[in-house]
Amino acid sequence: MLSLRAMSADTSTNPLLVRNALPKFDAINPQHVGPAVASVLAAAEQRVAQLRQQQQVDFDWALQLEDVRQSISQVFSPIAHMSRVVSSSAMRDAYNDCLPKVTEFMTRLGQDPELLRGYEDLATQPTVAEDSTRAELVRHALRDLRLAGIGLPAAEQNEFRDIMQTLAKKEAAFEQNLMDATDAFSWHCERVEELEGLPESLIAAAAENAREQGTTGYHLKLDPPTYMAVMSHAATEKLREIFYAAWVTRASDQGPQAGQWDNTVLMEEILALRYRAARLLGFDNYAELSLATKMAQSSNAVLEFLEQLADRSHAIAQREFAELEQFAGRKLAAWDVAYYAEQMRQQTLGVDEEALRPYFPLEKVFSGLFRVAQNLFGIRFEQRTDVAGWHRDVRYYDLTDADGNAFGGMYLDLYARANKRGGAWMDECLIRQDIGGETIQPVAHLVCNFAAPSGSAPALLTHRDVVTLFHEFGHTLHHLLTEVDYPSLSGINGVPWDAVELPSQFFENFAWLPAVLSWLSEHYQTGESLPSTVLENLRASRNFHAGLQMVRQLELALFDFKLHADYDPAVGARIYAILEAVRASVGVVPAPAYNRFANSFGHVFGGGYAAGYYSYKWAEVLAADTFSAFEKAGPFDANTARRFREAILAKGGSRDILEGFVEFMGRAPALDALLSQQGMA
Ligand SMILES: [Zn+2]
């Protein structure tokens with residue numbers, strides 16, 4: 001069997017070359033990065049060269065390749081992680097230097113015809129074909145090699161490679177135009193009255209921006225938080241309209257910067273290239289290519305799914321919009337909707353996120369979160385003080401089973417600070433692997449950007465923060481509770497894009513349960529838990545304008561999918577014709593004729609979510625559906641939790657996720673749970 005080889009380099013002096021153990025974050029410096037990456041890539045190169053020449057392949061051959069990838073991941077993961085959370089310019093430079101080298105190696109590995117031959121041979125061997133996890137591993141490897149164009153005749157393979165390179169450049173150019181257009185816009189005023197309704201912090205920042213520009217008054221930019229604050233809070237309609245028009249015309253032929261950084265031609269080219277790439281690989285269109293790695297089985301299944309959701313929510317959204325116009329006492333334009341919705345939400349539900357912070361001190365929230373995990377799965381998180389992190393605020397926890405045995409771990413890095421990327425995410429530190437009797441236990445990074453404690457008060461979270469934490473914790477459990485032995489299928493690896501948000505969105509539901517809210521909340525001064533009227537309003541606010549939010553997401557998802565499924569080279573992309581048709585069928589809020597929203601739809605034209613935007617809703621339906629089983633049996637029913645863990649969390653990418661879903665639910669996914677959860681049954 002396979003033995004894990006130690007790196008040949010001197011691990012005593014380079015902390016990045018320690019294998020199969022927690023990274024030595026307190027010892028890693030930017031100068032370690034270059035030598036460690038060079039060393040691990042050289043060793044990997046040698047091993048791959050041997051494997052390529054191997055005449056007789058068996059499953060051990062595939063495991064060696066798994067281990068090659070794991071060896072690189074173990075060096076690269078701490079570097080990538082530190083470039084995000086303690087992003088000194090030296091660390092960022094070191095990361096940017098080694099990224100192309102690692103990418104180049106991995107791309108070459110993913111396009112190696114010798115490896116294709118090896119996996120093809122393996123696929124027919126009984127020790128693989130008769131073992132479902134091994135068969136799945138080989139199936140994934142073959143699929144990914146073929147999707148990289150390997151196996152095509154030479155001329156087509158070359159054309160495919162050229163297309164993918166051109167496509168990557170055009171997608172990057174789309175993003176760059178969008179960024180430039182966003183950065184170029186600013187708006188100035190002298191009188192603070194014009195900013196009426198905006199949060200104090202934003203007004204202070206606007207004054208600071210003006211000072212930096214060497215002027216008086218207030219200077220607003222077009223970054224997303226500013227845009228959203230203006231749309232939701234600016235009392236002056238004119239200001240809202242100016243920002244709306246600037247936002248929805250970025251990088252287009254319309255609006256205040258018409259014709260500058262215009263993405264229109266790039267969008268046509270991107271869709272044409274995607275279509276051609278899909279045809280070369282033998283698919284009808286790019287939507288079919290996108291689905292080759294997803295849970296959804298066909299374009300029809302996706303379209304039916306989205307259209308059924310639209311059927312069930314459109315009338316509700318129309319009613320919500322009519323009620324909003326009634327509340328406002330007039331017809332509403334696109335730039336009025338968020339503002340009046342916020343006014344209406346405050347008047348009818350009175351939930352002020354900020355005012356609830358004192359009820360959610362961080363330690364209390366964590367004790368509640370861990371209680372949920374323990375009640376569901378009998379697992380505990382035990383803090384260790386002997387594990388060094390990358391910053392003094394970082395904590396490390398052992399994940400232990402009912403008998404106290406550690407079988408994984410989690411780093412927590414919770415507070416916003418300088419040189420740390422914004423947002424919240426879960427990332428893999430170590431990926432579970434059990435090859436040849438040696439086990440690597442999974443370790444996760446859970447990173448948030450909560451407000452740090454200030455003065456004598458502890459760190460206090462909003463309920464939105466709490467939901468974010470539960471979401472990322474769902475990803476964390478998916479990574480940690482895996483029982484798969486092979487890294488390419490373990491945890492979140494190999495899980496299709498449209499299902500990977502199942503555990504995270506599933507877990508969010510617990511942050512809304514009254515019982516769990518009582519575990520999570522305790523006023524840090526008075527010790528009382530959340531008053532019941534506040535709790536009821538908070539729960540009601542979850543579904544405020546659920547219909548309007550649903551149809552907006554469906555509009556984006558249908559537009560994205562039809563763009564790729566209906567592409568016809570004879571007539572071109574017809575981007576705005578398709579958008580108009582989708583709006584006519586599911587839209588509710590009228591859009592002005594100058595709206596060029598698609599020109600800034602980075603999710604789709606920048607890459608990532610092309611013919612995949614539907615994934616958000618798809619996973620949300622799976623999450624709500626599985627959670628309904630817990631509502632039925634009782635949220636902490638041990639048997640339900642055990643079956644969920646075994647069917648979904650433990651399996652990672654080792655089998656078709658639909659199979660796991662059906663094993664757990666006893667049927668295929670249905671829309672009803674999501675609709676009833678959102679008050680639209
Ligand atoms: Zn997520």
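Setting aside neighbours within four places in sequence, F360 touches V365, A459, L460, L461, T462, H463, V466, L517, L520, S521 and L530. The model is a predicted one. F360 is also among the residues with the most contacts inside the largest nonpolar core, which has 146 residues.

**Nonpolar cores**

- Besides F360, the residues with the most contacts inside the largest core are F381, F470, F473, F507, F510 and F605.
- Helix 20, spanning residues 546-565, gives the most to this core, contributing 12 residues.
- Another core lies apart from it and has 60 residues, including L122, Y396, I435 and Y486.
- In soluble globular proteins, nonpolar side chains tend to be buried together.

- H471 belongs to helix 16 (residues 463-480), while E501 sits in the loop between helix 16 and helix 17 (502-508), so the pair ties together parts that are 30 residues apart in sequence.
- H471 is buried, at a relative accessible area of 15%, whereas E501 is partly exposed, at 22%.

**Cysteines**

- The count of disulfides is zero.
- C429 is in no disulfide, and the nearest cysteine sulfur, in C98, is 16 Å away.
- For C448, the closest cysteine sulfur is that of C429, at 16 Å, which is too far for a bond.
- A disulfide needs two cysteine sulfur atoms within 2.5 Å, so the 16 Å between the sulfurs of C448 and C429 rules out a bond between them.
- C429 is buried, at 4% relative accessibility, and C448 is buried as well, with a relative accessible area of 0%.

**Domains**

- The chain is divided into domain 1, residues 15-157, and domain 2, residues 185-248.
- The centres of domain 1 and domain 2, taken over C-alpha atoms, are separated by 47 Å.

Definitions and conventions:
Residues are numbered from 1 along each chain as its sequence is written. This is a predicted model: local features need pLDDT of at least 70, side-chain atom pairs count only at pLDDT 80 or more; totals for chains, interfaces and linings use all residues. Side-chain values use heavy atoms; hydrogens and water are left out. A nonpolar core is a set of buried Ala, Val, Leu, Ile, Met, Phe, Trp, Tyr and Cys residues joined through side-chain atoms within 4.5 Å. Buried means under 20% relative accessible area, exposed over 50%, partly exposed in between (1.4 Å probe, protein chains only). Helices (H or I, at least four residues) and strands (E, at least two) are DSSP runs, numbered from the N terminus. Contact means heavy atoms within 4.5 Å. Domain bounds come from an automatic or database domain assignment.
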